[in-house]
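Colleague: Before I use this model, I would like to see the terms set against their cut-offs. Please take them one at a time.

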Amino acid sequence: KKARLWGGRFRTDTDPVMEKFNDSLRFDRCMWSQDIEGSEAYAKALRKTGILTDKETEEICQGLDKVRAEWAAGEFKVVAGDEDIHTANERRLTEVAGEAGKKLHTGRSRNDQVVLDTRLWLRAQVNQATQDMSTLMHVCCEAAETHIDVLMAGFTHLQPAQPVRFSHWLMSHVAALQRDCQRLQDMVPRVNTLALGCGALAGHAFGIDREFLGEEMGFDGIPLNSMDTVCDRDFVAEYLWWASLTLTHLSQLAEDLIIYNYTKGVSLSDAYSTGSSLMPQKKNPDALELLRGKAGRITGHLSGFLSTLKGLPRTYNKDLQEDKEPLFDAVETVHDCLRIAAGVVATMTPNADNLRAQLVPEMLATDLADYLVRKGVPFRETHHISGAAVKMSEDRGVPLDSLTPADLRTLHSAFEDDVQDVWNYETSVERKNSPGGTSRSSVTAQIKTVREYVASL
Ligand code: ARG
């Protein structure tokens with residue numbers, strides 16, 4: 001019969017298919033270092049209760065150092081019966097630390113251990129994601145500053161709407177990323193709570209000092225209730241939700257860029273494009289298409305995991321092992337997507353002339369209405385008059401800006417010769433100078449705000 005940490009009451013081995021079905025080491029091995037860190041802190045806490053002597057604690061800590069070194073060197077040997085990272089590490093520890101190792105699991109369960117490890121692991125990944133987001137926001141700010149002069153068509157309903165700065169468009173995506181980054185930080189206190197010291201569900205019977213454990217491992221707090229702690233995976237769901245929304249935002253950025261690449265408004269670097277195996281001329285925006293696609297995958301993880309959680313009775317159930325693959329995949333996907341997005345933005349070039357050529361005088365119809373507003377005509381009227389001007393130009397088959405002041409005066413007497421000044425995209429853009437607008441000063445202020453935010457992270 002195979003050696004199992006829990007094998008005492010078992011008469012036969014598990015079915016091999018059941019083993020594959022049950023074992024999680026192939027994916028949870030990535031938490032080896034968190035698992036060892038948790039065991040070290042736990043050994044010290046057990047020392048404080050008197051369960052371990054100084055000598056035993058020392059033997060365990062040295063043993064854990066050895067196990068850590070084996071993982072780090074890629075030399076850790078998995079043996080049959082190592083079903084997850086916790087059993088693998090403990091089995092190896094008892095081999096290298098002898099009798100003392102056998103005392104380490106006193107009062108501990110894999111139920112609290114696995115939550116501890118996952119929280120420690122995710123905490124580090126949240127820091128990584130913060131760095132990745134900072135880099136992306138920084139790169140966007142650089143591009144927004146460099147291309148501040150470039151004007152382009154802003155769209156609603158994918159129809160040309162009003163002229164805007166290219167930088168204003170780019171910062172519109174940064175605004176969403178900044179909220180994502182804030183949400184990520186808000187999550188930290190809920191990720192960073194101490195699960196260890198709950199036993200399997202009911203609590204710790206040897207008076208473990210959880211304050212001490214929390215301080216040793218830098219946790220922000222001890223959760224209210226041990227039964228909740230061993231089955232609480234809110235932090236996993238929350239991360240998946242965060243990842244879904246963040247990747248949704250990257251997907252929207254990607255979709256805009258796919259369109260602007262298609263209309264030749266933006267050129268993408270070869271580094272983020274690929275070719276066709278058949279058509280030699282092709283240069284496809286694959287990086288952007290994958291960015292657009294990844295959001296679907298992670299949203300799937302979120303809805304799948306919420307479905308896993310919804311019917312669970314208290315407390316630990318093996319269903320909870322299903323938290324890891326979606327979580328690990330989401331973390332890796334977010335990391336990749338943020339780096340790819342930063343690379344695409346850092347290397348793309350807006351084609352100022354092409355973007356400008358996409359501006360059409362009809363996009364100044366609102367400015368024409370605003371002109372009359374400045375002459376004292378109520379907007380609800382000026383909207384109709386400007387609409388009539390659009391209709392007149394359409395009937396004549398000419399662009400809106402070719403209507404003369406005399407033409408326009410047939411629609412309203414307040415039009416004067418200075419109406420010609422309306423037909424200027426720069427003027428239109430510069431008028432939008434309130435906070436958040438598309439004027440140079442407003443966009444520059446947005447860039448400054450985000451830069452300060454990034455520096456504060
Ligand atoms: N591999 C398990 C998981 O990921 C660890 C906890 C197992 N606990 C248990 N009582 N079977 O959830």
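Modeller: Axes are lines fitted to C-alpha atoms, for helices over the stretch in contact, and angles run from 0 to 180 degrees between N-to-C directions. Helices are DSSP runs of H or I with at least four residues, strands are runs of E with at least two, and both are numbered from the N terminus. This is a predicted model: local features need pLDDT of at least 70, side-chain atom pairs count only at pLDDT 80 or more, and totals for chains, interfaces and linings use all residues. Residues are numbered from 1 along each chain as its sequence is written.

Colleague: Why are α7 and α10 called roughly antiparallel?

Modeller: Angles over 145 degrees count as roughly antiparallel. The axes of α7 (residues 166-191) and α10 (residues 234-262) cross at roughly 170° and come within 10 Å, so the two helices are roughly antiparallel to each other.

Colleague: What makes L122 and M187 contacts of Y239?

Modeller: Two residues are in contact if their C-beta atoms, placed from the backbone, lie within 7 Å. Y239 touches L122, M187, L327 and A330, leaving out residues up to four places away in sequence.

Colleague: How do you know that L194 is buried?

Modeller: A residue is buried if 20 or more other C-beta atoms lie within 10 Å of its own. L194 has 27, so it is buried. L194 lies in the loop between α7 and α8 (210-216), and its contacts include R210, L213 and F219. The C-alpha atoms of L194 and V115 are separated by 8.6 Å, though the residues are 79 apart along the chain.

Terms used
Angles under 35 degrees count as roughly parallel, over 145 as roughly antiparallel, 65 to 115 as roughly perpendicular and the rest as oblique. A residue is buried if 20 or more other C-beta atoms lie within 10 Å of its own, exposed if 12 or fewer, and partly exposed in between; C-beta atoms are placed from the backbone.
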